[in-house]
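Welcome, and have a look at the model shown here.

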Amino acid sequence: MSTPPFKRILLKLSGEAFKGSRDYGIDPEFLVFVANELKEGYERGVQIAIVIGGGNIFRGIAAAANGMDRVTADYSGMLATIMNALALQDALKKVGLDSRVQTSIEMKEIAEPFILQKAVRHLEKNRIVIFAGGTGNPYFTTDTTAALRAAEIGADAIFKATQVDGVYDCDPMTNPDAKKYDELPYMEVLQKDLKVMDSTAISLSKDNDLPIVVFKLTDKGNIGKILGGESIGTVIGGECYAKS
Ligand code: GTP
């Protein structure tokens, strides 16, 4: 097997994706799909960290818009990400992948607390590390968590899984003439407000020279393709993209 071009990556999964074909909650079949998608990279020795959203269970911003206190709503959203993390760990175990969940909000009975050095040791031992609970602070998204944790663990890139196969100049679901970008500078994402990730996440990635690979999760084999260095989706900040 050839050496993978990435040593360590951070995969950002949206909570919405965890619904699969359901309206709400967690689709176990989808989790097994994700776990199987990760298998090839895992077996090639790519160190994989994961950050998950919680929107399939609780959307903090929507709850705040409906009158809930924003801080309370955000904490509830953080708890939702922990449920998703435990469910994903269960699916990883089913397909034989070793993993550890770390939470930014301490709940030792349920999972390890986030300790950076320990997370890095787990990665070095080829354990997938799932970072749950967001940054542990309200007003930050799980996209920003992904950028923060990726910088902390020294990831080569962030893999941002989405419903579409990359970044477009307008919504491809409603506009058949939408143009897909293969590469994008960080500044263009911010200036055009392309809504791939929130501006805090993009800025943090830019400041830390972290490329973001935006790709479609539900196309089977995509994670393996990116981990193998294939150019699919859109690369943001590609000037420092760690291709061999
Ligand atoms: P090594 O240091 O390589 O042995 O790592 P390890 O994770 O296998 O060992 P450790 O003894 O730290 O953990 C054993 C198991 O307990 C793993 O499944 C951990 O995820 C889990 N674990 C460790 N610390 C905590 C904690 O604070 N809370 C909970 N709930 N589980 C923990």
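## A lysine in a loop

Leaving out neighbours within four places in sequence, Lys19 is in contact (heavy atoms within 4.5 Å) with Tyr24, Gly25, Asp27 and Asn56. Lys19 sits in the loop between strand 1 and helix 1; helices (H or I, at least four residues) and strands (E, at least two) are DSSP runs numbered from the N terminus. With a relative accessible area of 18%, Lys19 is buried. Buried means under 20% relative accessible area, exposed over 50%, and partly exposed in between, using a 1.4 Å probe and protein chains only.

Before we go on, please note that this is a predicted model, where local features need pLDDT of at least 70 and side-chain atom pairs count only at pLDDT 80 or more, while totals for chains, interfaces and linings use all residues. Residues are numbered from 1 along each chain as its sequence is written, and side-chain values use heavy atoms, leaving out hydrogens and water.

Nine strands form an open sheet with mixed pairing, in the order 4-3-5-2-1-6-10-11-9; two strands pair if DSSP finds at least two bridges between them. At the edges are strand 4 (112-113) and strand 9 (183-184), each pairing on one side only.

Six of its six residues are buried, so strand 6 is largely enclosed by the rest of the structure. Ala157, Phe159 and Ala161 point one way from the strand, Ile158, Lys160 and Thr162 point the other way, and all are buried. In general, side chains in a regular strand alternate between the two faces of the sheet.

How do the neighbours line up? Strand 1 pairs with strand 6 in the parallel sense over four bridges, and Lys12 stands opposite Lys160. Strand 6 also runs parallel to strand 10, joined by five bridges, with Ile158 opposite Ile212. Strand 10 (residues 212-216) and strand 11 (residues 234-236) run antiparallel and share three bridges; here Ile212 stands opposite Ile236.

## Helix against helix

Helix 1 (residues 28-43) and helix 3 (residues 70-94) have axes that come within 8 Å and cross at roughly 60°. Axes are lines fitted to C-alpha atoms, for helices over the stretch in contact, and angles run from 0 to 180 degrees between N-to-C directions. The two helices are therefore oblique to each other: angles under 35 degrees count as roughly parallel, over 145 as roughly antiparallel, 65 to 115 as roughly perpendicular and the rest as oblique.

The contact is made by Leu31, Val32, Val34, Ala35 and Leu38 of helix 1 with Ala87, Leu88, Ala91 and Leu92 of helix 3.
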